[in-house]
Amino acid sequence: MSGTIYLGADMRPLEQGWTLLMTEAGRYREPANLPKTAFNISALVPGTLAAALSEAGLFDPAHPSPLHDKDVWYRRSLAGETPGPAVLRFEGLATIAEIFVNGALAHMCESMFEPVDLALDLSGQDELAICFRALQPHLDRKGPRARWRPQMIDQQGLRLARTTLLGHMPGWCPEIHPVGPHRPISLIRPSPDIVSRLRVNADLDEFGTGHLSVELQADSDAEMAILCCGRTAQFKKASSGRLIANLELPAIAAWWPRTHGDPNLHDVTLAIDGRIHPLGLIGFRRIEVDCDEDGKGFGLKVNGVPVFCRGAVWTNADLLRLPGSAEAYAPWLAKAAEANMNMIRVGGTMTYESADFFRLCDRLGIMVWQDLMFANFDYPVSDEEFIRRAATEVETLLAGLQGHPSLAVIAGGSEVFQQGAMLGLPERIWKGAFFTETLAQTVKDHRPDVAYVPNSPYGGSMPFVPNEGVTHYYGVGAYQRPLEDARRANVRFAAECLAFAHVPQQRTLDAQLAVPAIHTPHWKARVPRDRGASWDFEDVRDHYLAELYAIDPARLRRENPSAYLDHARATTAEVVTETFAEWRRSGSSCRGALTWTFQDLEAGPGWGLIDSTGEPKSVWYALKRAFRPIQVLLTDEGTNGLDIHLVNETATSQNITLEIACLRDGAQPAVSASRPLSLDARSAHRVPATDLFGAFFDTTYAYRFGPPSHDVTVARLVDTDGAVMAEAFHFPLGRKTSKQASKVDHAFHQVDGTWWLELTASQFAQSVHLDFEHFLAEDDWFHLAPGRAKRIRLYPRVNVQPGQKPHGTLSHLGTSTIQTLS
């Protein structure tokens, strides 16, 4: 597709009326040869073969069968369409696809990422057919010899096919093969207003002036102008023949990541001889790479302000359907926004998401780190045709993302450099011009306003070391390093990190995986693992469970499976809390970290922060707290005592009161203090705890003069109205010692139709879990300290009856008693 934009055209998606037929690979070369009596099933477009078969009861997503060994024919009649010129637009066909019009081959597509515009004259009696050829014969073909073979991917021939790796990574991704028209097919009736090669560059200078530059190609001699924020600029023809218009917009409302300000957007319209055509919403912002004073770091400045980037790596909204609609994305991205995430990474092992994904991120203030879909393999970069098609792929992607302020970083690929380097190959083998020059130049030409990284990870003596550039950090995690390694490793920017087998909430397990959470095949099949490894990510989680709670996980699992699962949920919540406190503290070298992954692809203890049904896990709630823009953090500095770190990322100063108390038996303050403070906008502060106490107190129990005086320390930020803005906890003797059999009092309040739960405790309650049948609590798996009531908003679940009052249960790690809340 040439990037043609049919302004004011009649564009109609061809969603209904499709049938599909599966045949032996290569048996039928054209639609006329297909047997008349063959069994066809109905199919929706956009959609996939797996989704259509599943709808017909012919495919089980829980036990998927191979889909790459058959030809698949999608057919639809265009009879009754008004005769005349039209364009058929195919936004994404997976993967080797032949398009037939009236039985004749009109186009052949060889990439899942290659949209196609097909011009034709309709007769009113036309027939459309698409044959998705079996991919397996292409995967079996021999290509240029590969210098390394990624273990995580089951088909090495995928390095020669331009398709997603989803469905081909045993151990963590269900083997559901992507086949079919996964993006819309539309019938377009062009209007006279047609432009192509649109470039939109929205920039913001250091004085707050927005600079809008629009370039396009048009064959018309019509008078054209661009309009934005009440200002107009006429297009002028450049020496290249392209039309260019420039606008300066003083004191423009800038676009900010949601943690640092408002994601302001502005309408841009194109006028052609007075006819107004909306071009969409754009944002004005400035992205700069911050390499730190030593030149070895990586971070982002947005509009001149350093931003700690936090979020997760996106997998897919629905692996069965591979949807690209706003309706499919919205529930997931809303959860990312609610969790105070300001960045989502689309990894190179996934697939490109549609423009709707970026439109939502624009509105929500979520930056997007976009990997190009080159991951792990030794690609045939000496093949000129491969390079040409790759450049076209990237150009097409970026042509559809003009003006989107959420696009912040583009990486040339994922773990290509790391794969080669870890096998001991010299740098000249794995670090080549394809990533450092070819793709870099393509990105610079089409989106000069974003940061480019040749690969993720990248930088340092080895591309994967955490103390330079971009890393994939698993010191805390897969490598089972102590929590202190998060500081010792001197992490600069973790494009992925903290992968664990996060256990879903019990309601999800009961509905989706009702098997004992022990070493049974059904359970272990859902635990992610690296292909060929002798361990899995449940083993990793259990290592930290033992470290945090001084419990033998295997024994606890045998003797009390329910308690084991609760400790497992609490473990990953606590590990991410501790790690991000380290990375966000004053003086940290870390400029950002993205957890692996955002959502599960199937029900079970997967990497996702949210399970496959959309239910947040314990770790999501922990990160929601850890990612707060206004934050208090505690770090154990040993004999230097306990440090309190205060963060205000917002654009306004905050008047707060800092409170701290060291509790004996989780109830009696051994020492306490408070201090009113004003936190400047965009500021971070470090306050030694002893500065508040005014005298020495062994907050970390490092000096060990006599028996310990306390078992938990609580720090709070309280606003001028008395509401708690943030809390942090420290356990000088470990979490096991601080377990208390606390009784928690509760009360429900309804205010303007919204239900609130108020909790109070006279003694510290560790890892409190709430479960409501008809409501979802805004916070969960939190620590509850005495001294102040905690108010929690309750959101009604789907299909809740009007007037329904909340009722549920409360539990915590200090007791086996489950309290009824009613």
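A: Happy to. Let's begin with a pair of charged side chains: glutamate 338 and lysine 624 form a salt bridge, and their closest N and O atoms are 3.2 Å apart. Glutamate 338 belongs to helix α3 (residues 326-338) and lysine 624 to helix α15 (residues 618-626), so this contact ties together parts that are 286 residues apart in sequence. The two partners can also be described by their cover. Glutamate 338 has a relative accessible area of 28%, which means it is partly exposed. Lysine 624, at 14% relative accessibility, counts as buried, because the cut-off for that word is under 20%. Please keep in mind that the model is predicted.

Helix α15 also leads us to a pocket. It is among the elements that give two or more residues to the lining of the second largest pocket, together with α14 (561-584), β31 (630-636), β37 (724-730), β39 (754-761), β42 (782-784) and β43 (790-796). That pocket has a volume of about 1000 Å³. Its lining counts 41 residues, and Arg625, Arg628, Met725, Ala726 and Glu727 are the ones nearest the centre. Strand β37 provides the largest share of the lining, six residues. Sorted by class, the pocket is lined by 22 nonpolar, four polar and 15 charged residues.

Rolling a probe the size of a water molecule over the atoms shows where empty space is left. Across the whole structure, a search finds five cavities of 30 Å³ or more.

The model has 57 salt bridges in total. One of them brings together the side chains of arginine 389 and glutamate 110, at 3.9 Å from N to O. Arginine 389 sits in helix α5 (residues 384-399), while glutamate 110 is in the loop between β8 (104-109) and β9 (116-122), so the bridge ties together parts that are 279 residues apart in sequence. With 26% relative accessibility, arginine 389 counts as partly exposed, and glutamate 110, at 38%, counts as partly exposed too. Arginine 447 and aspartate 449 also meet in a salt bridge, at 2.8 Å from N to O, and here both residues are buried. Salt bridges with shared partners join Lys524, Asp536, Glu538, Arg541, Asp542 and Arg557 into one network.

Phe696, Tyr703 and Phe705 make a nonpolar surface patch of about 390 Å².

Most residues other than glycine have a negative phi, and most peptide bonds are trans. Leucine 322 has a positive phi, near 50°, and is not a glycine. This residue is in the loop between β23 (309-314) and α3, the helix that also holds glutamate 338. Leucine 322 counts as buried, at 3% relative accessibility. Arginine 682 likewise has a positive phi, about 55°, without being a glycine. It is found in the loop between β34 (668-679) and β35 (683-688), and its relative accessible area of 30% makes arginine 682 partly exposed.

As for peptide bonds, the one from valine 45 to proline 46 is cis, with omega near 5°, and proline 46 lies in the loop between β4 (41-43) and α1 (49-55). The bond from alanine 94 to threonine 95 is cis as well, with omega near 0°. Threonine 95 is placed in the loop between β6 (84-90) and β7 (97-101).

Terms used. Residues numbered from 1 in each chain as written. Predicted model: local features only at pLDDT ≥ 70, side-chain atom pairs only at ≥ 80, totals over all residues. Heavy atoms only, no water. Patch = residues over 30% accessible without salt bridge, like charges linked within 9 Å, V, L, I, M, F, W, Y side chains within 5 Å. Areas by Shrake-Rupley, 256 points an atom, 1.4 Å probe, with all protein chains shown as cover. Salt bridge = Lys/Arg side-chain N within 4 Å of Asp/Glu carboxyl O. 1 Å grid on protein atoms, 1.4 Å probe; cavity = no way out; pocket = protein on both sides within 12 Å on 5 of 7 lines; lining within 4 Å. Points joined across faces, edges and corners; volume = space filled by probe spheres on them. Helix = DSSP H or I, 4+ residues; strand = E, 2+ residues; numbered from the N terminus. Buried < 20%, exposed > 50% of the residue type's maximum accessible area, 1.4 Å probe, protein only. Nonpolar A, V, L, I, M, F, W, Y, C, P; charged D, E, K, R; others polar.
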